[in-house]
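This briefing describes selected local features of a single protein chain. Please examine the sequence and the structure shown below before reading the points that follow.

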Amino acid sequence: MYKTVTVLFDNKTNNESLKIFFAALFPLFTLLALGIDSVAFAKCYFDGRTLTNILAIAYFILFFFASQSYLRKLMFCMVFLSYIGELIFCKLLGMYHYRTNFIPLYVPFGHAIVYASGFVLSESSFLIKKDAFFKKIFSFGFALLFLVVGIFLKDVFSLIFGLLFFVLMKRKKGQILYYTIALCVIFIELVGTYFKCWTWIPKTFDLFPAANPPMGAVFFYAGGDVILVKIVSLWKPNVQQS
């Protein structure tokens with residue numbers, strides 16, 4: 001099975017096209033997969049959790065084999081790192097809850113898909129050619145977003161962690177990668193909470209009022225990327241840094 005899939009994705013040109021295809025398909029796939037795992041779908045038809053698990057793992061595998069070696073390592077490590085993050089933020093800190101009492105199997109694979117989609121988007125020639133321009137657009141857009149939800153939705157969580165996001169961005173010199181991943185994060189958070197696959201608690205740590213979902217959650221993904229790159233750098237010396 002492994003050899004068959006490897007041969008299928010053996011052509012470098014095809015790989016590049018497929019990688020872009022899977023990244024571009026991310027929004028549609030997210031709507032489909034999370035729609036099947038939604039509360040409404042379960043009420044009208046059946047509990048679609050198992051089907052969503054299968055879809056997410058299959059999509060991850062296809063995306064994985066369509067990617068280059070470095071992104072494969074990032075995706076592989078992201079599955080395990082994100083599961084640890086789920087145990088900390090969901091189970092230990094209780095910042096959000098899934099519609100069932102356990103963490104769905106598709107979630108860690110979904111995190112890797114989100115990361116890979118943002119990664120591929122950041123490498124697009126369209127963004128690279130106008131890097132400085134898009135850095136300004138993204139920084140202004142995200143700053144405005146954090147302020148709007150903070151003021152109008154009383155989302156103190158996003159104000160605080162949005163500020164930390166920009167502190168991290170300053171350290172990372174405003175790399176487009178973090179913005180594109182953040183865009184994918186915001187999309188999947190909006191879809192997941194809309195379908196009630198998960199719900200953020202209204203007051204994080206019993207201190208900070210938060211929207212459902214809080215836009216400031218992008219900080220944790222950005223911080224996770226820093227850890228992820230460090231882990232992968234230990235895999236092979238002088239690996240590409242993010």
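In which loop is K154 found? K154 sits in the loop between helix 9 (131-152) and helix 10 (156-171). The model is a predicted one, and the values given here are computed from it. The points below cover backbone geometry, helix packing and the surroundings of individual residues.

**Backbone geometry in loops**

- Most residues other than glycine have a negative phi, and most peptide bonds are trans.
- K154 is not a glycine, yet it has a positive phi of about 55°.
- K154 counts as exposed because its relative accessibility is 58%, and exposure requires a value over 50%.
- D206 likewise has a positive phi, of about 60°, without being a glycine.
- D206 belongs to the loop between strand 3 (203-204) and strand 4.
- With a relative accessible area of 65%, D206 is exposed.
- The peptide bond that leads from N212 to P213 is cis, and its omega is near 10°.
- P213 is located in the loop between strand 4 (208-209) and helix 12 (218-235).

**Packing of helix 7 against helix 11**

- Two packed helices are described by the angle between their axes and the distance between the axes.
- Helix 7 (residues 106-122) packs with helix 11 (residues 176-194) at an angle of about 135°, and their axes are 8 Å apart.
- Helix 7 and helix 11 are therefore oblique to each other, since the angle of about 135° falls between the perpendicular range of 65 to 115 degrees and the antiparallel range over 145.
- The two helices, helix 7 and helix 11, cross in a right-handed sense.
- Helix 7 contributes V114, Y115, S117, G118, F119, L121 and S122 to this contact, and helix 11 contributes I176, L177, T180, I181, C184, V185 and I188.
- In terms of residue class, the contact of helix 7 with helix 11 comprises 10 nonpolar, four polar and no charged residues.

**Packing of helix 3 against helix 11**

- The axes of helix 3 (residues 26-36) and helix 11 cross at roughly 25° and come within 10 Å.
- Helix 3 and helix 11 are therefore roughly parallel to each other, because angles under 35 degrees count as such.
- The crossing of helix 3 with helix 11 is right-handed.
- On the helix 3 side the contact involves F26, P27, T30, L31 and L34, which meet C184, F187, I188, V191 and G192 of helix 11.

- S82 is part of helix 6 (residues 69-92).
- Is S82 buried or exposed? S82 is buried, because its relative accessible area is 8% and the cut-off for burial is under 20%.
- The side chain of S82 reaches the backbone oxygen of P108 at 3.5 Å.
- Apart from neighbours within four places in sequence, S82 is in contact with P108 and H111.
- M78 also lies in helix 6.
- M78 is buried, with a relative accessible area of 7%.
- Neighbours within four places in sequence being left aside, M78 is in contact with H111, A112, Y115 and L228.
- M78 and I231 are 153 residues apart along the chain, while their C-alpha atoms are separated by 9.7 Å.

- K19 lies in helix 2 (residues 12-24).
- K19 is buried, with a relative accessible area of 3%.
- Which residues is K19 in contact with, leaving aside its neighbours within four places in sequence? These partners of K19 are F63, A66, S67, Q68, L71, V120 and E123.

- T199 is placed in strand 2 (residues 198-200).
- T199 counts as partly exposed because its relative accessibility is 36%.
- T199 and Y98 are 101 residues apart in sequence, and their C-alpha atoms are 6.4 Å apart in space.
- Residues up to four places away in sequence not being counted, T199 touches Y96, H97 and N212.

Note on methods:
Residues are numbered from 1 along each chain as its sequence is written. This is a predicted model: local features need pLDDT of at least 70, side-chain atom pairs count only at pLDDT 80 or more; totals for chains, interfaces and linings use all residues. Side-chain values use heavy atoms; hydrogens and water are left out. Helices (H or I, at least four residues) and strands (E, at least two) are DSSP runs, numbered from the N terminus. Buried means under 20% relative accessible area, exposed over 50%, partly exposed in between (1.4 Å probe, protein chains only). A polar contact is a pair of N or O atoms within 3.5 Å; within protein, one must be able to donate a hydrogen and the other to accept it, and residues adjacent in sequence count only if both atoms are side-chain atoms. Contact means heavy atoms within 4.5 Å. Axes are lines fitted to C-alpha atoms, for helices over the stretch in contact, and angles run from 0 to 180 degrees between N-to-C directions. A crossing is left-handed if the near helix is turned anticlockwise from the far one by less than a right angle, and right-handed if clockwise. Ala, Val, Leu, Ile, Met, Phe, Trp, Tyr, Cys and Pro count as nonpolar, Asp, Glu, Lys and Arg as charged, and the others, Gly among them, as polar.
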